[in-house]
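Thanks for coming. I will go through some side-chain pairs and then the nonpolar core, so please keep the display open.

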Amino acid sequence: MAPIQQAAALEGRLRDVAVTAGVAQDAIAASIRAMNTDLGSLALRFRESTTEVLGIVEVLSARGLDPDRVRVLTEVLTEVRAASGAAGADLAQLAVGFERIAKLSGADVNTAMARAFRAGQLGGVELRDMAGQLPTILSQMGGLNSTGLRAVENASAMLQVVRDGFGTTSEAGAALNQLLSQLFSDSTRRNAVELGVDLNQVL
């Protein structure tokens with residue numbers, strides 16, 4: 001794509017972000033300039049492309065996060081992206097999952113991302129492969145009110161264990177989700193209660 005076309009495409013995406021964020025019509029031009037400067041600075045700092053960083057912003061904005069939170073998370077996720085090689089958009093979805101599914105907030109989201117990254121370093125599934133799987137797994141675990149950093153740690157560990165029995169991370173993720181669905185079913189809960197097991201405490 002020619003430089004002029006690239007610049008036009010970038011401006012169009014920045015405009016979409018501004019509109020999604022609810023920026024007033026007469027302030028959109030200034031918002032585009034500010035975002036372009038901020039994204040360029042982050043891209044240079046972490047040696048990423050501006051479009052990759054913008055992909056993070058687009059997902060976070062589309063998911064309804066307020067501009068200040070988007071700004072904070074974009075910096076965090078750009079750094080994680082540089083270290084892990086994970087797709088920026090996947091990391092953005094994961095961060096939203098940490099907030100809305102695992103019920104984390106503020107610095108705990110950063111901690112959760114760091115622990116998932118560390119689990120990937122120690123196990124057979126790196127964060128770049130886990131990022132697309134963890135939100136669904138966390139959602140399943142939420143069925144038993146398993147949330148917080150413990151839920152993130154458990155989900156990361158379970159995916160590492162299950163991965164060894166499957167050809168791809170996607171297959172392992174699907175198998176784990178099926179297992180959790182069965183584990184959290186009403187019949188399983190009833191049987192656990194009869195045996196004196198509280199699944200909420202176990203998981």
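Which side chain meets that of Glu-58 in a salt bridge? The partner is Arg-13, with 2.8 Å from N to O. By salt bridge I mean a side-chain nitrogen of Lys or Arg within 4 Å of a carboxyl oxygen of Asp or Glu.

Before going on, the ground rules. This is a predicted model, where local features need pLDDT of at least 70 and side-chain atom pairs count only at pLDDT 80 or more, while totals for chains, interfaces and linings use all residues. Residues are numbered from 1 along each chain as its sequence is written, and side-chain values use heavy atoms, with hydrogens and water left out.

Back to the first pair. Helices here are DSSP runs of H or I with at least four residues, and strands are runs of E with at least two, numbered from the N terminus. Glu-58 has 25% relative accessibility and counts as partly exposed; Arg-13, at 28%, is partly exposed too. The cut-offs are under 20% relative accessible area for buried, over 50% for exposed, and partly exposed in between, using a 1.4 Å probe and protein chains only.

The structure holds eight salt bridges, and I will show two others. Arg-45 pairs with Glu-75, their closest N and O atoms being 2.6 Å apart. This pair also links distant parts of the chain: Arg-45 is in helix H2 (residues 28–46) and Glu-75 in helix H4 (residues 67–84), 30 residues apart. Arg-45 is exposed at 53%, whereas Glu-75 is partly exposed at 33%.

The other one stays within a single helix. Arg-71 and Asp-68 form a salt bridge at 2.9 Å, N to O. Both lie in H4, three residues apart, which is about one turn of the helix. Asp-68 counts as exposed at 52%, and Arg-71 as partly exposed at 49%.

Now the core. How many residues are in the largest nonpolar core? It has 53. A nonpolar core is a set of buried Ala, Val, Leu, Ile, Met, Phe, Trp, Tyr and Cys residues joined through side-chain atoms within 4.5 Å. H2 gives the most to this core, with seven residues. Among the residues with the most contacts inside the core are Leu-60, Leu-77 and Phe-98.

Take Phe-98. Leaving aside neighbours within four places in sequence, Phe-98 has contacts (heavy atoms within 4.5 Å) with residues including Leu-104, Met-113, Leu-138 and Val-152.
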